[in-house]
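Please consult the sequence and the structure while reading.

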Amino acid sequence: MRAIVQRHTGNPDVLKLGEIPSPVPSPTQVLVDVKATALNRADTLQRGGFYPPPEGESETLGLELAGVVTQVGDQVEGIAVKDRIFGLIGSGGYAEQAVIDYRLAMPIPEGWTFEQAAAVTEVFFTANETLFTRGQLAAGETVLIHAGGSGVGSAGIQLAYQAGATVLVTAGSEQKIERTKVLGATAGINYKTHDFAEQIWQLTDNQGVNLVQDFIGADYLSRNLSILKFEGRLVVVGLLSGAKAEIDLGLILRERLQILGFVMRRLPVEEKARIRNRFVERWFDDLVSGQIQPMIDTVFPLEAAGEAHRYMEANQNFGKIILQVSQ
Ligand SMILES: NC(=O)c1ccc[n+]([C@@H]2O[C@H](COP(=O)([O-])OP(=O)(O)OC[C@H]3O[C@@H](n4cnc5c(N)ncnc54)[C@H](OP(=O)(O)O)[C@@H]3O)[C@@H](O)[C@H]2O)c1
């Protein structure tokens, strides 16, 4: 089958269309003709050699898929050949065929394209877990979502808004900020022209926020903690600016703050299934009705995976970058 292969780690040019053997489903997996997959920051890290796939997973990039089931393992329940499904995989999405555990798959809503479905899983699961399961965001609270134009950010804004929270965001351009407001953000801060912590104090009447959803890491740590209300929470979801920073434990102690981490890829399938189930229970109806929507920025053909990576690394996207694998 055709897939994106890389002979060595490096810049986006290492991603080439090639041929690899088709995967074989285990008893709890289904084999899927992949129609679309999506980029995630983890793919760019893996390509560069900084984020190897968990043991036993394919070396091929791709953490999610949408497609048609062609084969079903002996222990699979609720999914049949020819079903249109989408869902979470540990790797292997940049290929014409991939395997997915049936517990991590969902039916594609009627009338949806494969590209739409491919844009949901990774970012909506991550947003739901970090805002609610880890961050305990409640109606009436205020959340700051950094990188509001990112895939995860654009999903998180919608979920937090639907949950009755006030949503503040940061982003690197006025255009991205305007687009976050359409999704439910009350106000946005251009972090390139303003200090976000100073702006948060102004926007909240010196109250601060209950929760920060952070993808930036080291550069933002002290400011993130400084803007939290009493008993506020910081959820660390990404480390776009690095991992090492100094911390004022006095602030944590006095303000009873919490710093919570989140990672999804290395979790056992049973835990990922709980993540999938929490999302489905709370949000699937809203997804079907259009109340919440995947944001698609651009669709590239599979063979242009390198170009798509370059586009992501230039921070140009608002929402998801999709790879169309076949029609
Ligand atoms: N822990 C997990 O399990 C998990 C799961 C999914 C994603 N993530 C993480 O979540 C983050 C977002 O992922 P994504 O796929 O949604 O990303 P994305 O769509 O590629 O968006 C990332 C955005 O972050 C902003 N950005 C990049 N570097 C920055 C910096 N140094 N300072 C401030 N802003 C910066 C850019 O927007 P601007 O134009 O606004 O600068 C960029 O477009 C990544 O760090 C990813 O690794 C973690």
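Q: Which residues does Gln293 touch, not counting residues up to four places away in sequence?
A: This is a predicted model, in which local features need pLDDT of at least 70 and side-chain atom pairs count only at pLDDT 80 or more, while totals for chains, interfaces and linings use all residues. Residues are numbered from 1 along each chain as its sequence is written, and side-chain values use heavy atoms, with hydrogens and water left out. Gln293 is placed in the loop between helix H9 (269-289) and strand E14 (296-301), where helices (H or I, at least four residues) and strands (E, at least two) are DSSP runs numbered from the N terminus. With contact taken as heavy atoms within 4.5 Å, and residues up to four places away in sequence not counted, Gln293 touches Phe124 and Gln158.

Q: What distance separates the C-alpha atoms of Gln293 and Ala155?
A: Gln293 has a relative accessible area of 41% and is therefore partly exposed, given that buried means under 20%, exposed over 50% and partly exposed in between (1.4 Å probe, protein chains only). The side chain of Gln293 also has a polar atom 3.2 Å from the backbone oxygen of Gly290. Gln293 and Ala155 are 138 residues apart along the chain, and their C-alpha atoms are separated by 7.8 Å.

Q: Is Ala119 buried or exposed?
A: Ala119 is found in the loop between helix H2 (114-118) and H3. Because its relative accessibility is 1%, Ala119 counts as buried.

Q: Which side chain is joined to that of Glu64 by a polar contact of 3.0 Å?
A: Glu64 is in strand E4 (residues 64-72) and, because its relative accessibility is 0%, counts as buried. Beyond four places in sequence, Glu64 touches residues including Thr37, Asn40, Ile89 and Val120. A polar contact is a pair of N or O atoms within 3.5 Å; within protein, one must be able to donate a hydrogen and the other to accept it, and residues adjacent in sequence count only if both atoms are side-chain atoms. The partner of the Glu64 side chain at 3.0 Å is Lys320.

Q: How many residues does each domain give to the contact between domain 1 and domain 2?
A: The domain assignment gives domain 1 (2-120 + 267-324) and domain 2 (123-261), with bounds from an automatic or database assignment. Their C-alpha centres lie 27 Å apart. The contact takes 23 residues from domain 1 and 21 residues from domain 2.

Q: Why does the ligand lie between domain 1 and domain 2?
A: The ligand is surrounded by 23 residues, of which the closest are Arg41, Val152, Gly172, Lys176 and Tyr191; a residue is near a molecule or strand if one of its heavy atoms lies within 4 Å of it. The ligand lies between the domains because the shell around it receives residues from both domain 1 (2-120 + 267-324) and domain 2 (123-261).
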